Amino acid sequence: MTTRTTTSTSWTVAPEPFDSPAAAALWRAYYTEVSDRWYLLHRGHTTDPVELEREIAAETGAALAPPTGVLLLARYDGEPAGTAGGRLRDARTGELKRVFVREELRGKGGGAVLLTAAEEAARGLGVERLPPAVEQGAHQVGGFGSWASADSL
């Protein structure tokens, strides 16, 4: 698989090991935001810290490792700012995972840069089909529908 670094203004996107410190910190930020959003909506409080730690640890991200997956890390002015993962579901079909841009950087074009890089990386994995909205809950940040313009990321 050949994946090149994509650069746009202050954004850069490149493959990153799923277990790197930067990837782990962004996974924690993503999961915390999505989980807290669900708990606030349905229970009126944020996620219990013990549950949060258990769930973050349970999803290692190993499915985003080559040769059947990839995790891309976006940097804004050199600082970790977002992720997009892709993996094969079968020989021709891929799925996007962990598409996330830090809240304070949303609206600066990072979502579009990440999604373009994710599509390129998926093609590098041999993906012919990348269906929208494989897994989405109403509590997920942004949502696949808003990715069409990528303005919310």
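How accessible is Arg102: buried, partly exposed or exposed? At 28% relative accessibility, Arg102 is partly exposed. Buried here means under 20% relative accessible area, exposed over 50%, and partly exposed in between, with a 1.4 Å probe and protein chains only.

1. Basis. This is a predicted model, in which local features need pLDDT of at least 70, side-chain atom pairs count only at pLDDT 80 or more, and totals for chains, interfaces and linings use all residues. Numbering runs from 1 along each chain as its sequence is written, and side-chain values use heavy atoms, with hydrogens and water left out.

2. Fold. The protein chain has four helices and five strands. These are DSSP runs numbered from the N terminus: helices are H or I with at least four residues, strands are E with at least two. Their order along the sequence is β-β-α-α-β-β-β-α-α.

3. Burial and surface. Of the 153 residues in the protein chain, 41% are buried.

4. Contacts. Take the contacts between residues at least 6 apart in sequence: 62% of them join residues at least 24 apart. A contact means heavy atoms within 4.5 Å.

5. Salt bridges. The whole structure holds seven. The criterion is a side-chain nitrogen of Lys or Arg within 4 Å of a carboxyl oxygen of Asp or Glu.

6. Glu33 and Arg106. Glu33 sits in helix H1 (residues 21–42) and Arg106 in the loop between strand S5 (94–101) and helix H3 (110–124), so the bridge ties together parts 73 residues apart in sequence. Glu33 is buried, at 18% relative accessible area. Arg106 is partly exposed, at 21%.

7. Glu59 and Arg98. This salt bridge has an N to O distance of 3.8 Å. It links distant parts of the chain, 39 residues apart: Glu59 is in the loop between helix H2 (49–58) and strand S3 (69–76), Arg98 in strand S5. Arg98 is buried, with a relative accessible area of 10%. Glu59 is partly exposed, at 40%.

8. Glu104 and Arg102. Here the closest N and O atoms lie 3.3 Å apart. Glu104 is exposed, at 55% relative accessibility. Its partner is the partly exposed Arg102 of the opening question.
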